Amino acid sequence: MESYNPKEIEAKWQEKWLEQASEKIDKDDTKKKFYILDMFPYPSGTGLHMGHTESYTASDVFYRFKKMQGFNVLHPQGFDAFGLPAENYAIKTGVPPIETTKKNMENYIRQMQSLGFNYDFSEQAITSDPEYYKWTQWIFSEFYKNGLVYKKTQKTNWCASCQTVIANEQVVENKCERCGTEIEQKEVPTWFFKITDFAEELIADLDDVDWPEYTKKNQRAWIGKSEGAEIKFEIRNSKSETNSKSEKQNTKQFIEVFTTRVDTVFGVTYVVVAPEHPLIAQLESQIANRDEIFAYIEKSKNKTELDRMEAKEKTGVELEGIKAVNPFNGEEVPVFVADYVLGSYGTGAVMAVPAHDERDFEFAKKYNLPIKKVIEPCFDQLAEPGKIKWDEAFVERDAILAIVKHWEKDEYLCLQWKKVDWRTFITGGPEGGQSFEEAARTEILEETGYKNLKLIKELPMVHSRFYHVPKKVNRFAHFNVFYFELKDGDKDNISDNEQENHDTVWVMSDKIEQFLTADSHKYIFKNLNNPEVSFVEDGVLNNSGEYNFLTSEQARGKMTAWLEEKGLGKKVVNYRLRDWSISRQRYWGCPIPIVYSPEGEPHLVPEQYLPWKLPEDVDFVPTGTSPLAKSQELKERVEKIFGECWTAEYDTMDTFVDSSWYFLRYPDVHNDKEFCSQTRKAWLPVDMYIGGAEHTYMHLLYARFFVKALHKIGHLSFNEPFLKLRHQGMVLDKAGNKMSKSKGNVINPDEMVEKFGADSVRMYMMFVAPLEDAVMWNEENIVGVRRFLERVWRLQEKIVVENMVVDSLTHKTIKKVGEDVEVMKFNTAISQMMILVNAMDKEKQISVTSYELLVTILAPFAPHMAEEIWNKLGHSESIFSSAWPEYDSELIKDEKIKLVIQVNGKVRDTIEVNAEISEDEAKKVALESEKIKNYISGKEIRKIIYVKNKLVSIVV
């Protein structure tokens, strides 16, 4: 037979697919719909890169798989055509961006078709087409009418290279996400979308979608929900005059601070306000060093918010003559201005608790400010022995814990308890008016007999909640901790009662943490010689007046209630998320549909004039002001429609606006009456979305906002755009380096298709690593995939028409491939097909049925070759018109399986058993294993867990 010739085969079937319009679907048939979508590309001059190739191959495999399962699959493609790269290229060459993007899109389409991607390019969404951006402008108008758009002059992120404002989400490490230029702060009139109105929904609704957990986590972190309290600190100054009580009350001024840790308020040693805080101007006459203060404020204006937050060295200046009064204890503390506090977050002021905040700790150390500890660690015993009985009350106890070091060796005195499996330091409590130190000395003497103790230091308190097994009670112990060293080994005998309770054991320092059972004891020893650090976790309060020994959670509730009762604060929720600045001082973008009256009032461009077209008579070289201001055509258009002295909005929209709703347009791209008809909305939302994780804070966040806003207004019946999301990994060169033009290691998909064939490129991209992992592009390895396809091709020589038995491995492969493709484990699906082909290769003959089944499940991965073989086997219709094969459940059964036996979570034996073994039989076999008997003999079996055909787990 003829050899495998991918160039010839692929050209043939790509032409046939175009002739047959195989990508066409009936968009009005949504009875069994599936909407799979790729993140659409920006049409740059370099064409598709290997990242596109991986992502689009994955979606094409999945699309063809779902189609064979009987779904009507919407699998569209378009272009994110507005944006700075095309505009910058136009500035460089003088060729308008509309021309370069059109040419680039034609090349992209050619490349996609050469890889066998089955897109219907007559159903494109192209963001720079007036037919598309008409609806971008309509959505802007709907947002405007519903109070979700506003214009404001404020300090914004300015990229001097791009000559435009950019959004917070587009700043990476204080640099422009697109060009890498350092960001400046600049006052610019800017249009904003009120994404913050949806902050809570944007967090909560992540629970309802099937997305990678790290993507959800990163979105939650970016939105940054903080629940806490606002607290009023009264301001006092050295120039205050003595007034009557009523006059004082009426003239009181306050600094309102936001904190998530009101439980730490007794540890406040200073207060910090942001440089932009209005209080500084109000207090100017009362500040003794105002020149120094205002010089510091002026200097901070050149820093971005990100730069201020992430600065390694915290700076600030004290407002001399100004004090803040802690409402809980009446203490006066100094007030600083420091740029690590942001005016846009919370109240623009914070209470500083250096003992319990790392940033405050650094600042306090630098400026020699007091550090007051008010939160101490608390450990809950959540495992046996001593597991807390949550349905029983706690009995509180003042307690001691003593660490005793050997007089010569690096060993420590510990107790091995006899009636319960505890290994501890010496513990106990004061009796009859003893001091805590006296109690510690008494307990050491009574429990161990050692007498000659030297107190080295008292350590911070630690608290512990546990069930005291001998006493049969929940304990909430407040441990006062002492570190002693023995002078010598002189000791007395201990009582019989103590001997019945425990043995004394000397333990080397490097073995202590392994020996001890209680986390609280381990923590104390670990921090025995640690330098002073801030303790930032929740714990138990101390040095906090009436709130002593409350847990942090309890204290927050009581303290917030007290603030509200006294009118000195309230419970609040804050978010890190900021409203989205969408104005761009550039040309190649969607015009903002706003015009201004002669009085300067903004008005929406009426819907009848949409699309509000981008003028073409513009010199688009950026100057820092919007190029549209130079358009004579736009000026005349506005005056003709609205009247003399009316002016247009000259800024264009952020290109992320265009891509925030494109997926809503695909079901109905040719509709000029609505962005999507009610009938076609049945395709929405997207069932499967594939694209890069780098869009977590921008595109994915913005798209979710758009859908939620349109849902709130009443244009959509759902509030999440993408039900399932998967990311592809980065494509690296064979040395593991990121591909870039500057490194000269970029791989062109065209060259690889020419060299190896599209099916080989597709198979390699899916086989070399899991979809979400980085792919190492190595031509030496793609040769192996090409050989695999050649072996599949040559199997045609072994086909016999006789009705031979279809073997078990074929049906196991159908099952495995189907299940793996469904969860996008493409690499393991291909591995299973390779196992089947290896087995078939060893046979002298294979049945036509077996071979057809192999080719059918291979088809989504290597569609050109599959179509050719299918045709050669006598089928006139496309292989993608056939159904995904079903496996025979009888043929996939194994006669024998390996049953793993665990004891307390550790594998102790593996036994071969009949695949049909029952649960009772499996448990019986496990318990009768000689290996297992060694681990369970003489112990109580608490439960046995059985996982069918996999595992027996015994808990003793």
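The model is predicted, so local features need pLDDT of at least 70 and side-chain atom pairs count only at pLDDT 80 or more, while totals for chains, interfaces and linings use all residues. Residues are numbered from 1 along each chain as its sequence is written, and side-chain values use heavy atoms, with hydrogens and water left out.

Helices (H or I, at least four residues) and strands (E, at least two) are DSSP runs, numbered from the N terminus. Two packed helices are described by the angle between their axes and the distance between the axes. Axes are lines fitted to C-alpha atoms, for helices over the stretch in contact, and angles run from 0 to 180 degrees between N-to-C directions.

Start with helix H25 (residues 808–822). It packs against helix H26 (residues 826–842) at an angle of about 165°, and their axes are 8 Å apart. That makes H25 roughly antiparallel to H26. Angles under 35 degrees count as roughly parallel, over 145 as roughly antiparallel, 65 to 115 as roughly perpendicular and the rest as oblique. H25 passes H26 in a left-handed crossing. A crossing is left-handed if the near helix is turned anticlockwise from the far one by less than a right angle, and right-handed if clockwise.

Which residues make the contact of H25 with H26? On H25 they include Leu-809, Thr-813 and Val-817; on H26, Phe-826, Met-833 and Leu-836 are among them. Contact means heavy atoms within 4.5 Å. By class, the residues of this contact are ten nonpolar, four polar and two charged. Ala, Val, Leu, Ile, Met, Phe, Trp, Tyr, Cys and Pro count as nonpolar, Asp, Glu, Lys and Arg as charged, and the others, Gly among them, as polar.

H26 also meets helix H24 (residues 779–794). Their axes come within 10 Å and cross at roughly 45°. That makes H24 oblique to H26. H24 passes H26 in a left-handed crossing. Phe-788, Arg-791 and Val-792 of H24 touch Met-833, Met-834, Val-837, Asn-838 and Asp-841 of H26. This contact has five nonpolar, one polar and two charged residues.

## Two open sheets

Strands of a sheet pair through backbone hydrogen bonds, either parallel or antiparallel. Here, two strands pair if DSSP finds at least two bridges between them.

Three bridges join strand S1 (residues 33–38) to S2. Phe-34 has Val-73 of S2 as its bridge partner.

Another open sheet of four strands has the order S4-S3-S7-S25, with antiparallel pairing. Its edge strands are S4 (164–166) and S25 (580–581), and each pairs on one side only. Helix H5 (residues 130–145) packs on this sheet, touching S3 and strand S7 (183–193). The direction of H5 makes about 80° with that of S7.

| Strand pair | Sense | Bridges |
|---|---|---|
| S1 and S2 | parallel | three |
| S3 and S4 | antiparallel | three |
| S15 and S20 | parallel | three |
| S20 and S21 | antiparallel | 13 |

Arg-465 of S20 is the bridge partner of Asp-380. Arg-465 also has a bridge partner in S21, Phe-476. The hairpin of S20 and S21 has four residues between the strands, and Lys-472 takes a positive phi near 55° there.

## Backbone exceptions

Most residues other than glycine have a negative phi, and most peptide bonds are trans. Asn-368 has a positive phi, near 55°. Asn-368 is in the loop between helix H12 (358–366) and strand S14 (375–376). A cis peptide bond joins Glu-384 and Pro-385, with omega about -5°. Another joins Leu-610 and Pro-611, with omega about 5°.
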